[in-house]
Amino acid sequence: MRISLGRYIPGKSLFHKADPRSKIIWTIVMMVFILLCTTRWQYLMATVFVMIVFLISGIPLKYILKSLRPVAVLMIITTVFNLVFYKGTTVLFAIGSFNVYREALFLSIKMILRIFMLIVSASLLTYTTTSVAITDGIEYLLRPLAIIKFPAHEIAMMMSIALRFIPMFADETDKIIKAQSSRGAEFDSKNVFKKIKSYVPVLIPLFVGAFKSAEDMSVAMESRCYRGGKGRTKFKVLKFTKYDLILLIITAVFCTGVILMKTVFKI
Amino acid sequence: MSIKLEDIKYTYMPGTPFEKVALSDLYLEIREGEILALIGPTGSGKTTLLQHINGLLRPDSGSVFIDGEELTKKNLFKIRQKIGYVFQYPEQQLFEETVFKDIAFGLNRLKLPEDEVRARVYDAARLVGVSENLLERSVFDLSGGEKRRVAICGVLVTKPKYLMLDEPASGLDPEGKNAMLRLLKTFRDAGITVIFVSHNMNDVAETADRVVVINDGRIERQGTPREIFTEHDFLSGIGLSVPDVTDFFRLLSERTGVEIPDIITLDEGYAYLRDVYSKGGIPS
């Protein structure tokens with residue numbers, strides 16, 4: 001069992017070098033504006049911008065496709081429903097008694113593009129940024145909320161611990177499954193109940209181990225005098241560099257473009 | 001009959017930036033009735049090699065033969081009954097309510113009659129030295145050493161012909177460690193071929209019949225402990241060492257200029273010193 005979705009892939013691209021804060025802003029702005037797109041020209045522009053950043057990031061296409069796999073089913077089902085049930089004015093062709101309309105086709109393409117771009121922009125962030133950097137960036141961006149007593153540091157710390165533990169649990173699960181199957185456990189039963197039951201020998205050691213490592217971790221943190229975010233300094237101080245400027249300019253151009261298209265040009 | 005690995009090649013996560021060749025051009029024969037020690041620096045592929053022998057990992061190319069039968073997807077379950085595999089820190093895999101149930105877990109799939117299950121659990125417990133009054137206790141009440149013994153029982157209960165152990169003595173106190181090493185010899189004397197991984201050269205020299213040195217996914221040397229542990233420079237070159245007693249006598253020989261034969265176990269060291277004293281001490 002290996003988790004590849006959203007895993008950091010080391011690289012030296014401009015996008016890798018940019019500050020996590022500006023990348024998070026880029027991702028959020030991108031997602032919001034992708035959802036605001038309505039016409040085909042707006043979609044085209046969004047696609048072009050996502051593609052530009054994708055090309056800059058140097059992440060192999062294979063990984064992007066891999067991150068799309070979980071939603072592929074959803075995409076196919078919505079497409080089929082759209083094509084079959086959406087009623088438009090121009091009939092493109094007919095399957096049996098169902099008419100497929102031109103509008104339905106466009107709607108489906110838009111829908112697919114929208115999901116595609118949302119996932120690509122989110123996964124570009126996780127592929128090019130370590131989880132530590134992401135949580136660091138989130139903590140920084142949430143800092144202003146401290147005025148309303150929002151525990152930004154604590155939330156970021158919980159997130160980074162959780163993210164840190166995910167690959168560990170994946171490895172641990174893998175190891176326990178191997179160990180139990182060497183002892184004669186069976187995991188490939190076709191019967192659902194038997195299958196669930198067969199995972200008991202995996203889950204119990206996993207939970208026992210998880211509680212133990214959580215306890216160890218809290219002891220380790222306390223013995224290093226961890227007491228929350230107050231007065232805590234950073235080993236890696238986040239810096240705003242020219243890469244961030246480039247990225248934010250690209251983002252700004254894109255936003256202005258969409259806004260202009262929606263208000264002035266009306267295309 | 002033996003285990004044979006022929007031209008095994010295995011790569012972790014091929015086609016990704018995390019790609020790593022774990023094993024390449026690997027040939028190995030494990031003879032019946034021996035205690036074979038696998039040594040090598042961290043990340044050299046020792047565990048990967050063990051996982052190929054019982055089919056947890058499938059080689060990218062090459063084949064594994066168990067008693068002349070090639071390991072395939074189909075005979076996996078049959079072959080795994082022949083090959084017991086005790087993982088590193090096996091005590092972490094215990095999960096049942098009682099020690100007895102945990103030891104018997106490996107037999108669930110075989111659908112044996114109840115008295116046969118009972119007999120096998122008691123046999124395994126006796127062989128490993130788990131006392132009978134522990135059998136009805138909860139596995140989570142035991143001490144670390146006891147848990148490890150119980151976990152080993154859980155593997156032995158299927159009566160494997162070959163037993164692989166990944167660092168069986170790590171994390172045990174000196175008493176538990178010595179008992180574990182004696183246990184490996186007990187297994188061999190009971191007719192089980194033992195394959196174990198260790199980082200402790202003293203343990204290897206005291207216990208193994210044959211040693212295989214693995215580095216960077218390749219077998220660099222194989223031979224008796226004496227053959228391996230006389231190659232001091234080679235071993236330290238790949239980040240391994242020789243047993244402490246060998247080091248001691250090598251240094252003694254260098255400092256005093258006296259020829260001392262290669263000594264790899266404590267018993268040999270005592271014998272040599274007794275011999276020297278009986279002849280009136282080291283000549284100066």
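**Note on a predicted two-chain model**

1. B:Tyr89 is partly exposed, with 19 other C-beta atoms within 10 Å. In this classification a residue is buried if 20 or more other C-beta atoms lie within 10 Å of its own, exposed if 12 or fewer, and partly exposed in between, the C-beta atoms being placed from the backbone. B:Tyr89 is in the loop between strand S6 (83-86) and helix H3 (99-104) of chain B; helices (H or I, at least four residues) and strands (E, at least two) are DSSP runs, numbered from the N terminus. The phi angle of B:Tyr89 is near 45°, a positive value in a residue other than glycine.

2. The structure is a predicted model, in which local features need pLDDT of at least 70 and side-chain atom pairs count only at pLDDT 80 or more, whereas totals for chains, interfaces and linings use all residues. Residues are numbered from 1 along each chain as its sequence is written, and chains are lettered from A and ligands numbered from 1 in the order in which they are written.

3. B:Lys111 also has a positive phi in a residue other than glycine, near 55°. B:Lys111 is placed in the loop between H3 and helix H4 (114-128) of chain B. With 7 C-beta neighbours inside 10 Å, B:Lys111 counts as exposed.

4. Which residues have the most contacts inside the largest nonpolar core? They are B:Ala37, B:Leu38, B:Val86, B:Ile103, B:Cys153 and B:Met164, in a core of 82 residues. Such a core is a set of buried Ala, Val, Leu, Ile, Met, Phe, Trp, Tyr and Cys residues joined through C-beta atoms within 7 Å. Helix H5 (residues 144-156) of chain B gives the most to this core, with 6 residues. Apart from it lies another core of 20 residues, among them A:Ala46, A:Leu125, A:Leu247 and A:Phe254.

5. B:Leu38 touches B:Lys46, B:Leu49, B:Ile195, B:Val197, B:Val212 and B:Ile214, leaving aside residues up to four places away in sequence. Two residues are in contact if their C-beta atoms, placed from the backbone, lie within 7 Å.

6. In chain A, helix H2 (residues 20-36) and helix H6 (residues 131-142) pack at an angle of about 80°, and their axes are 8 Å apart. Axes are lines fitted to C-alpha atoms, for helices over the stretch in contact, and angles run from 0 to 180 degrees between N-to-C directions. H2(A) and H6(A) are therefore roughly perpendicular to each other; angles under 35 degrees count as roughly parallel, over 145 as roughly antiparallel, 65 to 115 as roughly perpendicular and the rest as oblique.

7. From H2(A), the residues A:Pro20, A:Arg21 and A:Ile24 meet residues of H6(A) that include A:Ala133, A:Ile134 and A:Tyr140. By class, this contact of H2(A) with H6(A) has 7 nonpolar, 1 polar and 2 charged residues. Ala, Val, Leu, Ile, Met, Phe, Trp, Tyr, Cys and Pro count as nonpolar, Asp, Glu, Lys and Arg as charged, and the others, Gly among them, as polar.

8. The domain assignment of chain A gives domain 1 (1-129 + 239-267) and domain 2 (131-236); domain bounds come from an automatic or database domain assignment. The C-alpha centres of these two domains of chain A lie 30 Å apart. In chain A, 7 residues of domain 1 are in contact with 13 residues of domain 2. The side of domain 1 of chain A that touches domain 2 has 5 nonpolar, 1 polar and 1 charged residues.

9. How many residues of chain A are in contact with chain B? There are 16, and they meet 17 residues of chain B. Helix H7 (152-182) and helix H9 (200-223) of chain A each supply at least two residues of the side of chain A that touches chain B. The largest share of that side, 6 residues, comes from H7(A). The residues of this side of chain A divide into 8 nonpolar, 4 polar and 4 charged.

10. Chain B is divided into domain 1 (2-225) and domain 2 (243-284). Taken over C-alpha atoms, the centres of these two domains of chain B are separated by 35 Å. The contact takes 5 residues from domain 1 of chain B and 4 residues from domain 2 of chain B. On the side of domain 1 of chain B that touches domain 2, the largest share, 4 residues, comes from helix H7 (residues 201-207) of chain B.
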